[in-house]
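Colleague: I should like to learn how to read a model of this kind, feature by feature. Might we begin with burial and then proceed to the sheets, the core and the ligand?

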Amino acid sequence: MLGGFETPLESSLRVGISGVSGQVESYHKLRAPHARCYIRGTPERFSMPTEESNDPLPARAPGLAARRVALGVSGGIAAYKAVEVLRGLQRAGCDVRVGMTKRACEFVTPLTFRALSGSHVVVDDYAPDNPDPIAHITFSQTVELFVVAPATANLIAKFACGVADDFLTSTYLASNAPVLIAPAMNTTMLLHPATQRNLARLRADGVRIVEPDAGEMACGTVGPGRLSDPGLIVAAALDMLRGISGSATVEGRGRDLAGEHVLVTTGATREELDPVRFISNHSSGRMGFAVAEAAHSRGASVTVVAGATSAPAPGGVRVIRALSAESMRDAVLGEVGSATVFVAAAAVADYRPAARAAEKIKKFDSSLTLSLEPTPDILAEVSRDRREGLLVIGFAAETERVVENAREKLRRKNLDAVVANDLTQDGAGFDTETNVITLLTRDREEPAALPLMSKLDAAHRILDEVVRLRRSGSQKERRK
Ligand code: PMT
């Protein structure tokens with residue numbers, strides 16, 4: 001039994017696929033508490049690795065015994081953590097087979113995984129010592145879940161493009177099983193538009209992604225890209241085996257927003273002083289576009305009302321341009337009737353010139369005093385007049401007392417959730433690829449402070465709250 005899982009014939013003969021096909025090697029089957037083991041030689045000559053009693057990974061989970069999981073390991077410094085993923089899955093009762101890329105073998109040897117899984121570890125299914133010449137087919141078609149941890153930028157790019165030039169990438173293409181990947185790479189590589197594009201494509205293809213953590217990387221940089229905690233990867237995998245979608249630990253949530261119409265505002269408004277000058281801010285529109293992209297990938301129909309933006313709009317969403325606060329308000333009120341979720345990510349100017357000069361204002365020697373008046377508060381207006389079923393999510397860009405101020409906005413504007421940006425944090429807020437957000441919701445006491453992550457990842461976290469609020473029906477209860 002090498003490439004795939006045990007067939008009934010193999011099981012009754014207690015031999016591997018090479019034995020069934022008449023070759024000479026036989027495999028003795030040992031049963032460890034949480035793993036099946038097929039080892040060449042006599043049972044007496046081999047012992048199974050024992051479990052450490054203080055291991056934090058989940059204990060045997062009901063209903064998961066003998067579920068067949070393929071674990072792919074690609075070549076990064078985090079490859080050693082795949083050992084913990086393997087052990088966690090085994091502990092839950094899963095039957096795990098391992099495949100590795102050639103580069104992964106430079107970080108951890110196949111022998112480690114073979115000893116722990118009790119099975120041949122496939123690196124190259126055309127290698128002379130591999131008795132199953134089509135292991136990528138037998139392996140892929142006998143598994144119920146394909147987990148890749150760590151998934152490097154290179155592997156993600158190959159998966160996204162359908163390149164099949166080694167065992168893992170061929171297995172990906174040849175398998176119908178759901179796929180869970182846990183990316184791990186240098187922060188710059190993770191945030192590179194190419195990697196983000198590849199991840200977005202995989203999400204759209206239904207691949208689930210356990211977000212990398214933020215922190216100090218092996219290369220010394222600080223940022224997102226570290227492999228997520230193995231316990232979280234195992235938890236996400238077990239959720240998928242149990243058929244639970246939308247797990248809080250999993251990023252690619254399938255089409256859990258199908259049927260929703262998400263209306264998003266994004267970008268900066270421009271409040272004109274005269275034909276050539278305006279008051280504005282540094283919003284790039286990236287955050288709102290990320291919400292739009294994430295919602296679209298999860299099955300929602302999406303409309304974006306965009307002010308001035310420097311980031312590109314995602315595909316598959318409708319974009320309405322509205323440059324001033326007044327025109328953004330008109331566009332939003334024209335669309336909100338058909339929306340089921342409203343996300344206000346735009347940086348709308350709070351004040352505008354009380355009068356717009358018809359001609360360019362001339363330069364005088366004396367100082368110039370501008371008279372400003374408040375703009376319409378689009379978010380407050382939508383929330384005030386909302387109909388039953390509309391979820392309203394606001395943002396709060398703060399430089400001090402972040403949670404306190406955001407909580408005050410949540411209450412005053414009668415919102416379902418507020419996404420607080422701490423503008424004093426590196427990598428957060430205006431015109432950055434990343435964000436550091438804290439989520440506050442009407443129904444939860446404790447704010448959820450999230451680490452530095454890409455704006456797309458942050459968008460998915462925000463939409464997870466939308467799904468949770470929708471499911472919990474807390475919005476209805478609030479109005480009773
Ligand atoms: O676009 P990026 O470069 O990616 O940057 C993202 C961002 C920092 C702009 C975004 O994440 C963000 O924080 N947007 C809200 C900025 C803001 O105007 O915050 P605020 O605290 O001033 O406003 C609170 C909420 O009321 C916001 O949801 C805002 O859209 C809304 N608002 C404010 C004023 C107004 N007249 N009408 C509104 O709808």
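Modeller: A residue is called buried if 20 or more other C-beta atoms lie within 10 Å of its own. Please bear in mind throughout that this model is predicted.

Colleague: With which strand does E19 pair over 6 bridges, and in what sense?

Modeller: E19 pairs with E18, and the sense is parallel. Within that pairing, phenylalanine 395 stands opposite valine 419 of E19.

Colleague: What is the strand order of the open sheet of 8 strands?

Modeller: The order is E14-E13-E10-E15-E18-E19-E21-E22, and the pairing is mixed. Strand E14 (318–321) and strand E22 (448–449) are the edges, each pairing on one side only. Elsewhere in the sheet, strand E10 (residues 261–266) and strand E15 (residues 341–344) pair in parallel over 4 bridges, and valine 264 stands opposite valine 343 in E15.

Colleague: How does the open sheet of 5 strands run, parallel or antiparallel?

Modeller: Its pairing is parallel, and its order is E4-E3-E5-E6-E7. The edge strands are strand E4 (95–100) and E7, each of which pairs on one side only. Strand E3 (residues 68–73) is joined to E4 by 6 bridges, and valine 73 has methionine 100 as its bridge partner in E4.

Colleague: Which peptide bond is cis?

Modeller: The bond between alanine 149 and proline 150 is cis, with omega about -5°. Proline 150 belongs to strand E5 (residues 145–151), a member of the sheet of 5 strands.

Colleague: How should one check the length of a helix, taking H9 as the case?

Modeller: One compares an expected span with the distance between the end C-alpha atoms. Helix H9 (residues 193–204) has 12 residues and, at 1.5 Å a residue, should span 16 Å; its end C-alpha atoms are 16 Å apart, which agrees. Its buried residues are Thr195, Asn198, Leu199, Ala200, Leu202 and Arg203. Among the elements that cover them are helix H6 (153–161), helix H8 (187–191), strand E7 (208–209), helix H11 (286–297) and helix H15 (455–472). Just after H9, glycine 206 has a positive phi of about 95°.

Colleague: Which residues touch the most other members of the largest nonpolar core?

Modeller: The general idea is that, in soluble globular proteins, nonpolar side chains tend to be buried together. Here the largest nonpolar core has 126 residues, and Ala237 and Val291 touch the most other members. Helix H10 (residues 230–241) gives the most to this core, with 9 residues. Leaving aside residues up to four places away in sequence, alanine 237 touches Val69, Leu89, Leu145, Val147 and Leu180.

Colleague: How many residues surround the ligand, and which are the closest?

Modeller: There are 26, and the closest are Ser284, Met287, Ala344, Ile378 and Leu379. H11, helix H13 (378–384) and strand E18 (391–398) each give two or more residues to this shell, and E18 gives the most, with 4. By class, the shell divides into 13 nonpolar, 8 polar and 5 charged residues.

Colleague: What do the totals for the protein say about burial?

Modeller: Of the 480 residues in the protein, 48% are buried. The protein has 16 helices and 23 strands. Among contacts between residues at least 6 apart in sequence, 66% join residues at least 24 apart.

Technical notes: Residues are numbered from 1 along each chain as its sequence is written. This is a predicted model: local features need pLDDT of at least 70, side-chain atom pairs count only at pLDDT 80 or more; totals for chains, interfaces and linings use all residues. The expected span of a helix is 1.5 Å times one less than its number of residues. A residue is buried if 20 or more other C-beta atoms lie within 10 Å of its own, exposed if 12 or fewer, and partly exposed in between; C-beta atoms are placed from the backbone. Two residues are in contact if their C-beta atoms, placed from the backbone, lie within 7 Å. A residue is near a molecule or strand if its C-beta atom, placed from the backbone, lies within 6 Å of it. Ala, Val, Leu, Ile, Met, Phe, Trp, Tyr, Cys and Pro count as nonpolar, Asp, Glu, Lys and Arg as charged, and the others, Gly among them, as polar. A nonpolar core is a set of buried Ala, Val, Leu, Ile, Met, Phe, Trp, Tyr and Cys residues joined through C-beta atoms within 7 Å. Two strands pair if DSSP finds at least two bridges between them.
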